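Biologist: I'd like to learn how to read a model like this one, feature by feature. Could you walk me through it?

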There are 2 protein chains.
Amino acid sequence: LTTQSPHPQGTPPDPSPPSLGTVVIVGVGLIGGSIGCGLRARGACHEVIGVVSAPGNDPVAVGAVDRLLPLKEAVALADLLVFSTPVGAMAELAKAASPHLKDGAVITDTGSVKGHVAQALGPIFGCRYVAGHPIAGKEHNGVHAADPDLYQGKAAILTPDPNADVDAIVSVTAMWHWLQAHTITMDALTHDRVFACVSHLPHIAAYALMGAVCDASTDNLDPAAFAAGGLRDFTRVASASPVMWRDICLTNPDAIVEMLDLYTTQLNQVRDAITTGDGQTLLDLFTLAVGVRERMVP
Amino acid sequence: LTTQSPHPQGTPPDPSPPSLGTVVIVGVGLIGGSIGCGLRARGACHEVIGVVSAPGNDPVAVGAVDRLLPLKEAVALADLLVFSTPVGAMAELAKAASPHLKDGAVITDTGSVKGHVAQALGPIFGCRYVAGHPIAGKEHNGVHAADPDLYQGKAAILTPDPNADVDAIVSVTAMWHWLQAHTITMDALTHDRVFACVSHLPHIAAYALMGAVCDASTDNLDPAAFAAGGLRDFTRVASASPVMWRDICLTNPDAIVEMLDLYTTQLNQVRDAITTGDGQTLLDLFTLAVGVRERMVP
């Protein structure tokens, strides 16, 4: 698929990045809210303005933004415009924002899928757009879970188009450095395949496990009452936002289906070995898995 | 399958259980070793004697047992005999131990599967045998991970045969109460189906996920380098002992295959919805999953 070898070390945070001017965050939940309060806490910008779909003053109250404005008014003030809504909502908002952009504004996003988002936002914003994806999260969603240090020590993946303006890349990189994240650059297709594997598949696997627990439950059998640590850890990600994950599934279908097929093939190998009493195959599969895990979490 | 409704609350620990006399633990790894050092730390018994398959004095050095003896000599001294080996090794050891048992000895085990173990050990030990399964574990295996407080506040499931002697049930219950665990009684079939769902399936799912990550890896793509928190949590259980999990798969095949089939049905529903772009089905499946998770981890 690609010959580019990603470098997980990436670019370490610049300790004194340039000021970001006025930052506008469209979609102030956990991810956008953590950007907002992280930038505000570090004096990284003149002002953070939030744009939210639902009324309510929570983003200001929790310190995620200085104030809220309607999309058009906010966009007109933005030096740096950050889209942090679920992936499926970005294209329409980008179209609505585009006519009101200030000259020289830089646009980025935080979507978990990059190919689809770049196809939607790239033609609208051209060389001023630099796609991004911070590798950080929490069990809980929403602006009340926002944390100024959410990105500290974490990676932010950038997947800029080859034609992106250098100053736009510098500006988006500076935002992540202010938040004490390091940046890693890769192409969008590689990103989407890597994260289909290490993020999208595990989330689907956890959701499906909860579905199986539900299907196994009857009036006389309540497996969930006996959920031990393993299942709780395993399914922490199954508390994630259904809307966000629906959008991820719909916007990264090819890579996710590829990974799902690798996964069900593995599960079927285990099933076959169990039904035939093939202990050696089970031992081989499980031993390989432990090795992968140890390499991943040294 | 059963009309018995298990009670997760179970019997709370008796604060002053009777002394256990001489306790012999066959298989001194994480589970057996934690029983040993927990009983020793609490003055629950006269002595803890360990029986191990491999030479080495580690169980004594870490305080899990007072001393090691060969199986026959140890068994002859046991008031309470605890089998804590992988499930697949128990039947042979039980046969070897049986002729040397002291009169009145009580026998239990800690296997994660109860139907198969009861079929193997029940005919050997008769009404003196009370099957057990503590619901506790750790990421790391082996006696060096043993912890005297591993069972504190946790549940130990007992699945005694209806003909088991009352004093044998009292003795095994006392062992878990000394370790500050509460006991829950259910039938073996219910146990095996519940734990196929909440423990065996999640372990297999985590192992299979590691296998899929491995299958997706190429010279140019190393997804494991980008493993974020979700994948790490999800796969914590994939560091468990392959031998132990091979044995669990081989000794609880019917319930595990039933749960695997529920799981792959769920995964296939997600796959179908992705390939047909059916966002509503994805949203419904994920929303249901979040609900199950919330009910499980309030």
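**Loops, sheets and an interface**

Modeller: Happy to. Keep in mind that this is a predicted model. Let's start with a loop: in chain B, B:Q180 sits between α6 (166–178) and β9 (182–185).

Biologist: What is the phi of B:Q180 near?

Modeller: Phi of B:Q180 is near 65°, a positive value in a residue other than glycine. A:Q180 is found in the loop between α6 (166–178) and β9 (182–185) of chain A.

Biologist: Is B:Q180 buried, partly exposed or exposed?

Modeller: Buried means under 20% relative accessible area and exposed means over 50%. B:Q180 has a relative accessible area of 33%, so it counts as partly exposed. For A:Q180 the relative accessibility is 33%, and therefore that residue is partly exposed.

Biologist: On to the sheets. How do I read strand order?

Modeller: The general idea is that strands of a sheet pair through backbone hydrogen bonds, in a parallel or antiparallel way. In chain A, six strands make an open sheet with parallel pairing, ordered β3-β2-β1-β4-β5-β6. At its edges are β3 (67–68) and β6 (129–130) of chain A, each pairing on one side only.

Biologist: How many bridges join β5 to β6 in chain A?

Modeller: Two bridges, and the strands run parallel; β5 of chain A covers residues 106–109. To find your place there, look for A:I107, which stands opposite A:Y129 in β6(A).

Biologist: Which strands does α6(A) lie across?

Modeller: α6(A) lies across β4 (80–83), β5 and β6 of chain A, and runs at about 50° to β5(A).

Biologist: And what order do the strands of the three-stranded sheet in chain A have?

Modeller: That open sheet goes β7-β8-β9, with mixed pairing. Its edge strands are β7 (132–134) and β9 of chain A, and each of them pairs on one side only. Direction ignored, neighbouring strands of this sheet are turned by 25° against each other on average. Within it, β8 (residues 155–158) and β9(A) pair in the parallel sense over four bridges. Here A:A156 is the residue standing opposite A:T183 in β9(A).

Biologist: How many salt bridges and how many polar residue pairs cross between the chains?

Modeller: The rule finds four salt bridges across the interface of chain A and chain B. In one salt bridge, the side chains of B:R295 and A:D222 meet at 3.6 Å, N to O.

Key: Residues are numbered from 1 along each chain as its sequence is written. Chains are lettered from A and ligands numbered from 1 in the order in which they are written. This is a predicted model: local features need pLDDT of at least 70, side-chain atom pairs count only at pLDDT 80 or more; totals for chains, interfaces and linings use all residues. Side-chain values use heavy atoms; hydrogens and water are left out. Buried means under 20% relative accessible area, exposed over 50%, partly exposed in between (1.4 Å probe, protein chains only). Two strands pair if DSSP finds at least two bridges between them. Contact means heavy atoms within 4.5 Å. Axes are lines fitted to C-alpha atoms, for helices over the stretch in contact, and angles run from 0 to 180 degrees between N-to-C directions.
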